[in-house]
Amino acid sequence: MAKITEIEDLKRIYKRRTPKMFYDYCESGSWTEQTFRENSSDFDLIKLRQRVAVDMTGRSTSSQMIGQDVAMPVALAPVGSTGMQHADGEILAAKAAEKFGVPFTLSTMSVCSIEDVAENTSAPFWFQLYVMKDREFTKRAIQRAKDAGCSALVLTLDLQILGQRHKDIKNGLSIPIKLAPHTVFDLATKWRWGLQMLQTKRHSFGNIVGHIDGITDMSSLSVWAAESFDPKLDWDYVKEIKDLWGGPLILKGILDADDAKMALNVGADAIVVSNHGGRQLDGAMSSIKALPSIMDAVGDKIEVHLDSGIRSGQDVLKALAMGATGTFIGRAFIYGLGAMGQHGVEEALRVIHTELDTTMALCGERKVQDLGKHNLLVPRDFYGDWA
């Protein structure tokens, strides 16, 4: 077993073991991938203030996200098709999150269904909802999440229109995989992944197939999915969904202060500052650069989380010090899942926790709640001078 000391170690193993089309699905953004790259590189612009001769004993990374106790303020983000990165991927990731003491978020477009995850875990998880044109499907999905005991609904707002990701088109990404010659050759080198997939019955979108009239196979699903995201989603409908759900509501995909204010007005419990990992509007601002203006607008009135670009515990610390009360990781845990299954996700969480704890100590803090801008050195032009 390789010694894992950083997230990059997991990424290298993940790339070796996972079919190219699924690796590219994870490790890509839309169009030129500018926002995808800057989500991570903009974290590097922020420096940490080292402090010395400070009592560093008795440190704690424990916190809360939407009133839920967490071992550290990090949740596993919703990632579509996680069950194709590793057999039964959503179940394994949820188990790892439960074991570590952080929230897991199940995507609408997951391979393992809501019921699959609930039956194989004991801790409540969060359910991420995509709004479809079929309003009855949306109502049924919310009810299924309630029945499964999900403790929060994460409503994604930035996927009304699907951003173009060149690699997915060129790879012919599909579930199940279409066996073109280049795909067969790639799969032949990913025998470990193939053996795992042969041992599971879950190869489709479990939250869709069997839950939509007329959707019985992948052919009918493909046609439905391509036409089903609802471009009419607006704030009035967000309010309807909040009332229909009746529990903690997190709105994901906020990148503008005005939208953050609207989220506050509809009564959301938390927002996630996110650009969908750079997979939607290419050329949009990185999440970490968008965070300060959103904190200025609503930060003392609503819980603010940050997603997109986090690859280390230092990144988590920087987001918290900039004002966020929680963070989400997507690619970082997918690297671990594709590399080593449940153990790999646990390793990803361990690495991030160790980095967060050690960095916090070297910055002179003992509790994550005490982190603030006083722990950072931020370039004067970091926020930009926009016309």
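# Sheet, rings and buried faces

Me: In strand β8, which residue is the bridge partner of Val154?
Reply: This is a predicted model, in which local features need pLDDT of at least 70 and side-chain atom pairs count only at pLDDT 80 or more, while totals for chains, interfaces and linings use all residues. Residues are numbered from 1 along each chain as its sequence is written, and side-chain values use heavy atoms, with hydrogens and water left out. Strands β7 and β8 (residues 249–254) pair in the parallel sense over four bridges; strands (E, at least two residues) and helices (H or I, at least four) are DSSP runs numbered from the N terminus, and two strands pair if DSSP finds at least two bridges between them. Within β8, the bridge partner of Val154 is Ile250.

Me: Which strands stand at the edges of the open sheet?
Reply: Eight strands form this open sheet with parallel pairing, in the order β4-β11-β10-β9-β8-β7-β6-β5. Two of them have a single partner strand each, so one side of each is left without a neighbour in the sheet, and these edge strands are β4 (74–76) and β5.

Me: How many residues of β7 are buried?
Reply: A residue counts as buried under 20% relative accessible area, as exposed over 50% and as partly exposed in between (1.4 Å probe, protein chains only). Both faces of β7 are covered, with Ala152, Val154 and Thr156 buried on one side and Leu153 and Leu155 buried on the other. The strand is largely enclosed by the rest of the structure, because its buried residues number five of the five.

Me: In which class, stacked, edge-to-face or tilted, does the pair of Trp126 and Phe328 fall?
Reply: Rings of Phe, Tyr and Trp (its six-membered ring) pair if their centres lie within 6.5 Å, and planes under 30 degrees apart count as stacked, over 60 as edge-to-face and the rest as tilted; by this rule there are six aromatic pairs. The centres of the Trp126 and Phe328 rings are 6.0 Å apart and their planes stand at 45 degrees, so the pair is tilted.

Me: Over the ring of which residue does the charged end of Arg135 sit?
Reply: A charge sits over a ring if NZ of Lys or CZ of Arg is within 6 Å of the ring centre and within 35 degrees of the ring normal. One such case is Arg279, whose charged end lies 4.5 Å from the centre of the Tyr25 ring. For Arg135 the distance to the ring centre is 3.7 Å, and the ring is that of Tyr237.

Me: Within what arc do the buried residues of helix α3 fall?
Reply: In α3 (residues 34–44) the buried residues are Thr35, Phe36, Asn39, Asp42 and Phe43. Directions from the helix axis to the C-beta atoms define the arc, and the buried residues line one face of the helix because, seen down the axis of α3, they fall within 145 degrees.

Me: How far apart are the C-alpha atoms of Met197 and Ile46?
Reply: Met197 lies in helix α10 (residues 191–198) and is buried, with a relative accessible area of 6%. Leaving aside neighbours within four places in sequence, Met197 is in contact (heavy atoms within 4.5 Å) with residues including Gly83, Met84 and His203. Ile46 is 151 residues away along the chain, and the two C-alpha atoms are separated by 41 Å.
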